[in-house]
Amino acid sequence: MGKVSPSIRSMISTAALVRQSQVVSSGFLSQVERHRHFPKKPTKKSSSKLPQKTLEPELKPLFKSPNLNDAKKLFNSLIATARAPEDPRFHNSLLQSYASISSLDDSISLLQHMIKAAPSFSPDRSTYHILLSQACRAPDSSLSPVHKVLNFMVNNGVVPNQVSVDIAARSLCSVDRIDNAIELVKELSLKHSKPDAFTYNFLVKCLCKSRVLSTVHSFIDEMSSSFDIKPDLVTYTILIDNVCNSKNLREATRLVGVLKECGFKPDCFVYNTIMKGYCMLSKGSEAIGVYNEMKKEGVEPDLVTYNTLIFGLSKSGRVSEAQKFLKIMVESGHLPDIVTYTSIMNGMCREGNALGALALLEQMEGQGCTPNSCTYNTLLHGLCKGRLLDKAIELYKMMKEAAIKLETASYATLLRALCREGRVAEAYEVFDYAVASKSLTDAAAYSTLESTLKWLKKAREQGLVV
């Protein structure tokens, strides 16, 4: 495949890595989000400093029956034989195990039995939080079970704090009871403790996902006026992201103005969020305007900024401008990554310059950036659209040898290109690989092949293909 072929073949040596990469069907957006937010894997740490013999009962699955009497007997047996430590974590693990299968009343009864049977055990706040979390997930649609646990806590000298508020709010929202969560947070704010910024913004984010914008603003206004809990920069970022996702860029701009009036300075993430909204609408000029505003306000663009801008310009057919920003990006000290190159390749393929995209692939690899599935599927689709079938077949063979999955669009385009040239046997072979590699579901692969063959029959009848 000309000069490009060696660069494509070089990926075979990294096939093991390629197999591990995910197929990014949504292209740029999921790539950017992964780059910006993908969490690091936690390192394994010892869960406790307790002696090994005391850990054994904690690590084993304990309660297999919700029967309270059986649970009490098992607890008595454990503390008699395992030399249960005074550390409440041991007892909390037992309570947690039982709470996962029992009713709330039985969990409370077991805790009371544990206190009597093991006088050295003194429940701490986390003990009651186990019951609070269980109460919030109880099938009862009211807050009665939650109030029961809260009263139990207070009567035992443990006043709910911000952690209690957070656990209750998140537990209720996890079972789609956001209205109950808000009601409880307001109640706790009056009686015991206001939510911290993390809990508050968590509720705002949940409301944005499930309620209309007016409801979100009503919650923010009420928390501000009644409890003196005011939105911060994170709150406004959540709101801006929400309206951008709904393509309401005018509201996003208004919120930036409100944010500034409240004394906050928009950060890079805020600008990136608005820029992403414009890019999704293929409004390249507006995206550049956001970039210029960032520079004017002294906010230094990051890698996500440039990737977002390059994607938006490439998507809207302004590849030459995207390449200019690629140079600016490098001059600013940011190395282009898979997202950067794939975005420009996609734009070049849209313009019908698939050969230029292949040349960029060689440059990409020369810079030490390893292409992924999205990159190769973008190129395959572009080559087929550009009627460069021989090069597309060579690229497909390299993908197949490296076990790279086909995406729906590139698979369908390759099938049609082969059938258009009368290479039906090869189309069936591509179909076999798509099924064997689990690139598509069997139904989707069959459906695409069937529609392609119907198209071929009709085209032959009309004399469009031989």
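## The nonpolar core

In this predicted model, the largest nonpolar core contains 130 residues, and among these Ile274 and Tyr411 touch the most other members. Such a core is a set of buried Ala, Val, Leu, Ile, Met, Phe, Trp, Tyr and Cys residues joined through side-chain atoms within 4.5 Å, where buried means under 20% relative accessible area, exposed means over 50% and partly exposed covers the range in between, with a 1.4 Å probe and protein chains only. Helix 16 (residues 268-280) gives the most to this core, contributing seven residues.

Leaving out residues up to four places away in sequence, Tyr411 touches Leu406, Val430, Phe431, Ala434, Leu440, Ala445, Thr448 and Leu449, a contact being heavy atoms within 4.5 Å.

## Basis of the values

Residues are numbered from 1 along each chain as its sequence is written, and side-chain values use heavy atoms, with hydrogens and water left out. Because the model is predicted, local features need pLDDT of at least 70 and side-chain atom pairs count only at pLDDT 80 or more, whereas totals for chains, interfaces and linings use all residues.

Of its 466 residues, 48% are buried, and among contacts between residues at least 6 apart in sequence, 67% join residues at least 24 apart.

In the model, residues 196-226 are 90% helix and 0% strand, with end C-alpha atoms 15 Å apart, while residues 267-301 are 74% helix and 0% strand, with end C-alpha atoms 10 Å apart.

## Buried positions in and between helices

Pro266 lies in the loop between helix 15 (249-261) and helix 16, and at 4% relative accessibility Pro266 counts as buried. Leaving aside neighbours within four places in sequence, Pro266 is in contact with Val256, Leu259, Lys260, Tyr271 and Val299; Val256 is ten residues away in sequence, with a C-alpha to C-alpha separation of 7.2 Å. Thr237, in helix 14 (residues 233-245), is also buried, with a relative accessible area of 11%, and touches Phe269 and Val270 when residues up to four places away in sequence are not counted.

Tyr396 is found in helix 23 (residues 389-401) and is buried, with a relative accessible area of 3%. Not counting residues up to four places away in sequence, Tyr396 touches Leu380, Leu406, Leu414, Glu429, Val430 and Tyr433. The C-alpha atoms of Tyr396 and Leu380 are separated by 7.0 Å, although the two are 16 residues apart along the chain.

## Packing of helix 6 with helix 8

The axes of helix 6 (residues 88-99) and helix 8 (residues 125-136) come within 10 Å and cross at roughly 10 degrees, axes being lines fitted to C-alpha atoms, for helices over the stretch in contact, and angles running from 0 to 180 degrees between N-to-C directions. Helix 6 and helix 8 are therefore roughly parallel to each other, a term for angles under 35 degrees, with over 145 counted as roughly antiparallel, 65 to 115 as roughly perpendicular and the rest as oblique.

On the helix 6 side, Asn92, Leu95, Gln96 and Ala99 meet Ser126, Thr127, Ile130, Leu131 and Gln134 of helix 8. By class, this contact has four nonpolar, five polar and no charged residues, where Ala, Val, Leu, Ile, Met, Phe, Trp, Tyr, Cys and Pro count as nonpolar, Asp, Glu, Lys and Arg as charged, and the others, Gly among them, as polar.

Notes: Helices (H or I, at least four residues) and strands (E, at least two) are DSSP runs, numbered from the N terminus.
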